[in-house]
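Reader: I am new to this structure and would like to go through it in short steps. Could you begin once it is on display?

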Amino acid sequence: MKKILFSTCLILFVVSVLYPSNNLAQDYTQWHLPEGAKTRLGKGKINEIQLSPDGTQLAVATSIGVWLHNAHSGEELDLLNPMTDISSISFSPDGQTLATGGRDRTIYLWNVATGKQIKTLRCPGILFSLAFSPDGTVLVSVQNDGGPAVEPAAQAPSPFPVDQGNFISLWNVATGRMFATPFVNGGVYSLAFSPDSAMTASGGNKTIHLWETATGEHIKTLPGHTGGVNSLAFSPNGLTLASGSSDKTIRLWEVTTGEDMKTLTGHTDEIYSLAFSPNGLTLASGSWDKTIHLWDATTGAPLRNLEGHTERIERLLFSPDGATLISQSSDKTIRLWNTATGKPIKILTGYMEDLQSLALSPDGTVLAAGEKFSFDKEYAIYLWDTTTGKHIKTLTGYEAAASSLAFSPDGTILANGSYTMNLWNVATGKHIKTFTKHTEVVHNHNSRNRVQGLAFSPDGTIFASGGYQKMDLWNVASGERLKNFNGLGRVNSLAFSPDGTTFASGGHGKIDLWNVASGEHIRMLKEHKGWIQSLAFSPDGTKLVSGNRKYIGHPYVGVITGSLWNVVTGEHLQILTTTHETSKDNSYNVSFASDEPVLASTDSESGIVLLWDFNAVPSVLEEIPEDVNGDGVLNIQDLVWVAENLGQMGPNTADVNGDGIVDIRDLVKVASAIVASAAAPSIHLQPPATLTAAEVQQWLAQAQQFNLTDAISQRGIRFLEQLLDTLTPIETALLPNYPNPFNPETWIPYQLAEPAEVTVTIYAVDGTVVRTLELGHQSIGIYHDRHRAVYWNGKNELGEPASSGVYFYTLTAKEFKATRKMIIQK
């Protein structure tokens, strides 16, 4: 999310070493780890950067806390607010205090020298930005209250109201008390203090306001821009104010008179960052056009352009001597530039996006991680040196998120699976080959068509791919499919034995062992609980370790556990556990380090990788036949699992009655068992977000065809009828979008009490239609989850990104019509 931008002192640093030495990298990868974790790879996603006033320390706000770097050596000094998503930071003018804050509505004040927390300030809203006044006595915070929904009767027409729901709070730094909220309306996109602290400038929708800092009294309004004012900067002498806008222009204002002195043009997209050099002679601007422009601040003449970033420029800072410019981009890099020559000096990396899949090279020295699914983006696979924690390489250029990864036995080739499969040269990062025949409909981007598991044979000549209901063996050199296995359920993970004669496939609640040469099934390992996402054979091939997620009270939250198996006998030897909680979208990878099983996991929210130690406990697993998904709890997730396996024949945990086929009778039996369990009174109130009323109606219709009249079946059918009632909304409703504010994408949830043709229309504040989303005919149901809610990528009908500001969205379904407000905050 792009935050409101502050310009106080214009500062930067000079970094003489791009990466710290190995021993330093080892140190920071182990700071402030969750209990049970032993190493962290990656530093999270960058939200903001700030330099200390003396230019000695760089603070980087990320999704896992605030990293402090030595500005001269690049060394990591500390991690503040560990495992907290921090959206904004600000150094006090004397450099002794750092203010940090994020979505937890809390501002933290830290002693920079000691790393100790000084004060905690409870913020009245979700925090977007922080800034100290130049004299250090006042801290300004900008937050958002979310804003109310617009009632159906109050909608239409244009123009829409302009109030954004943003407000500014002033805090006494010494006491930690809030003493004013002077600037409330008009949409605050950017803020800047004058050098003497006497004046504050705020940028909003097409206008700039000047305020008296001490009293909050409004001084004047500066109109002129035709788009949102995304960035502001005072010149060092306080006489000139620069403003950057989504109208692609920069304006220079005479502060005393409010005169619009010059308009600078040259950028081809929205401008989000500005900085004056310390001597006031140069102005730097950063844009979504991926370039940085340097201007003569006196005449407005262009000096030079700096190019190299591959995504939009989000923040600019000058070094105290003005010789170096630092830029932060959404391409996940921080770059240093020589301002005299325009040449790049260094690139800082290690900050990245959400991660989905993992693979460890055979020698354990390289870890690969793939970005999770998102719309309208080019995906990347990151490679790390696990010994140093150093980011080695980024692989790009494929069309979908890497849902699975696998290294060849010699570590020279990396395979990734999505809707296609790709082979990469690890040393060079070059793409080698694409396989496109795993699914019958390769370009139908449905999660059931994705490749979920990949594995190379020990000699590197064969690799296996697994997905929904099928598994294939391929010739690596020719791309020819050697064997095909169908009707397996979803295959999440694959592994070959060291001698290449056996391979294992893992799905939900079971592991299958197969003969590679003949394709024959050897045995099933059934004493597993939960989704099996990773498998690995021991070096001697006698043991198999499996990693899975066991749910803990919520269908999408659990702890990572594992199991150790005797491959020859199929005996379950040990349960392996960690204290690490994991969300639905997290990934993990089990492997052997010598003879000891180890675990790597991604954190999908923060974009980091953690390495964990396993603890072994005796293998004692309680068997509940109706607990078909193996999570230790009877709930609706078990019904969903049976439904996904309907029609499957042969050994299957969903075949509860043991008649050799999964059908509606198994589903009804599981429903009856849920009622009989202690969880029955409340469990039906929390169905999975992906379950629909139409699916439950279909189950009931199938049950009626079997004429199930026995008491157990009737109890199950009554439960399904109650579940249908729960999934059928009493009234149609439009709900608040999430996240909000957002950048660039958001989801719009709704619910339908009756089937309808559904349309969502997005408006600008002046009533102009920005985008119309035709959803077609939708059934009765609850459309809350990201898989079912309306998705908007933040672009208009022409595919152009919408600018920062207030927007309204209207849901139309038959006679129902409702409108709500949302905010793009870049």
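**Loops, sheets and helices**

Author: Lysine 814 lies in the loop between strand E60 (805-813) and strand E61 (816-824). This is a predicted model.

Reader: What is phi of lysine 814 near?

Author: Phi of lysine 814 is near 55 degrees, which is a positive value in a residue other than glycine.

Reader: And is lysine 814 buried, partly exposed or exposed?

Author: With a relative accessible area of 47%, lysine 814 is partly exposed.

Reader: Turning to lysine 290, where is its place?

Author: Lysine 290 sits in the loop between E23 and E24. Its phi is near 75 degrees, again a positive value in a residue other than glycine. The hairpin of E23 and E24 has 3 residues between the strands.

Reader: How accessible is lysine 290?

Author: Its relative accessibility is 38%, so lysine 290 counts as partly exposed.

Reader: What order do the strands have in the open sheet with E23 and E24?

Author: The order is E22-E23-E24-E25, an open sheet of 4 strands with antiparallel pairing. Strand E22 (271-276) and strand E25 (302-307) are the edge strands, each pairing on one side only. From one strand to the next, the twist averages 20 degrees.

Reader: How many bridges join E22 to E23?

Author: E22 and E23 run antiparallel and are joined by 5 bridges. Phenylalanine 276 has leucine 283 in E23 as its bridge partner. The hairpin of these two strands has 5 residues between them, and glycine 280 takes a positive phi near 80 degrees there.

Reader: Then what of E23 with E24, and E24 with E25?

Author: E23 and E24 pair over 5 bridges in the antiparallel sense, and glycine 286 has isoleucine 292 in E24 as its bridge partner. Strand E24 (residues 291-296) also pairs with E25 over 5 bridges, in the antiparallel sense. There, tryptophan 295 stands opposite proline 302 in E25.

Reader: How many residues of strand E23 are buried?

Author: In strand E23 (residues 282-287), 6 of the 6 residues are buried, so the strand is largely enclosed by the rest of the structure.

Reader: Which residues point one way from E23, and which the other way?

Author: Thr282, Ala284 and Gly286 point one way, Leu283, Ser285 and Ser287 point the other way, and all are buried. In a regular strand, side chains alternate between the two faces of the sheet.

Reader: I also noticed asparagine 230. Where is its place?

Author: Asparagine 230 is in strand E18 (residues 218-234). Its relative accessibility is 2%, so asparagine 230 counts as buried.

Reader: What does the side chain of asparagine 230 reach?

Author: The side chain reaches the backbone oxygen of isoleucine 271 at 3.3 Å. Asparagine 230 is also 5.2 Å from tyrosine 272, C-alpha to C-alpha, while 42 residues apart from it in sequence.

Reader: Which sheet has E53 in its order?

Author: E53 belongs to an open sheet of 3 strands with the order E53-E55-E58 and antiparallel pairing. Its edge strands are strand E53 (733-734) and strand E58 (781-783), each pairing on one side only. Strand E55 (residues 750-752) is joined to E58 by 3 bridges, and the two run antiparallel. Leucine 752 stands opposite glycine 781 in E58.

Reader: Now the helices. At what angle do H2 and H3 pack?

Author: Helix H2 (residues 636-644) and H3 pack at about 175 degrees, with their axes 9 Å apart. The two helices are therefore roughly antiparallel to each other. Their contact has 8 nonpolar, no polar and 2 charged residues.

Reader: Which residues in H2 meet H3?

Author: Ile636, Asp638, Leu639, Val642 and Ala643 in H2 meet Asp666, Leu667, Val670, Ala671 and Ile674 in H3.

Reader: And how do H3 and H6 cross?

Author: The axes of helix H3 (residues 664-676) and helix H6 (residues 711-727) come within 7 Å and cross at roughly 80 degrees. That makes H3 roughly perpendicular to H6. By class, this contact has 10 nonpolar, 3 polar and 1 charged residues. Among the H3 residues in the contact are Leu667, Ala671 and Ile674, and the H6 residues include Ile712, Arg715 and Phe719.

Definitions and conventions. Residues numbered from 1 in each chain as written. Predicted model: local features only at pLDDT ≥ 70, side-chain atom pairs only at ≥ 80, totals over all residues. Heavy atoms only, no water. Axes fitted to C-alpha atoms, helices over the stretch in contact; angles between N-to-C directions. Parallel < 35°, antiparallel > 145°, perpendicular 65-115°, else oblique. Contact = heavy atoms within 4.5 Å. Nonpolar A, V, L, I, M, F, W, Y, C, P; charged D, E, K, R; others polar. Pairing = 2+ DSSP bridges. Buried < 20%, exposed > 50% of the residue type's maximum accessible area, 1.4 Å probe, protein only. Polar contact = N/O pair within 3.5 Å; in protein donor to acceptor, adjacent residues only side chain to side chain.
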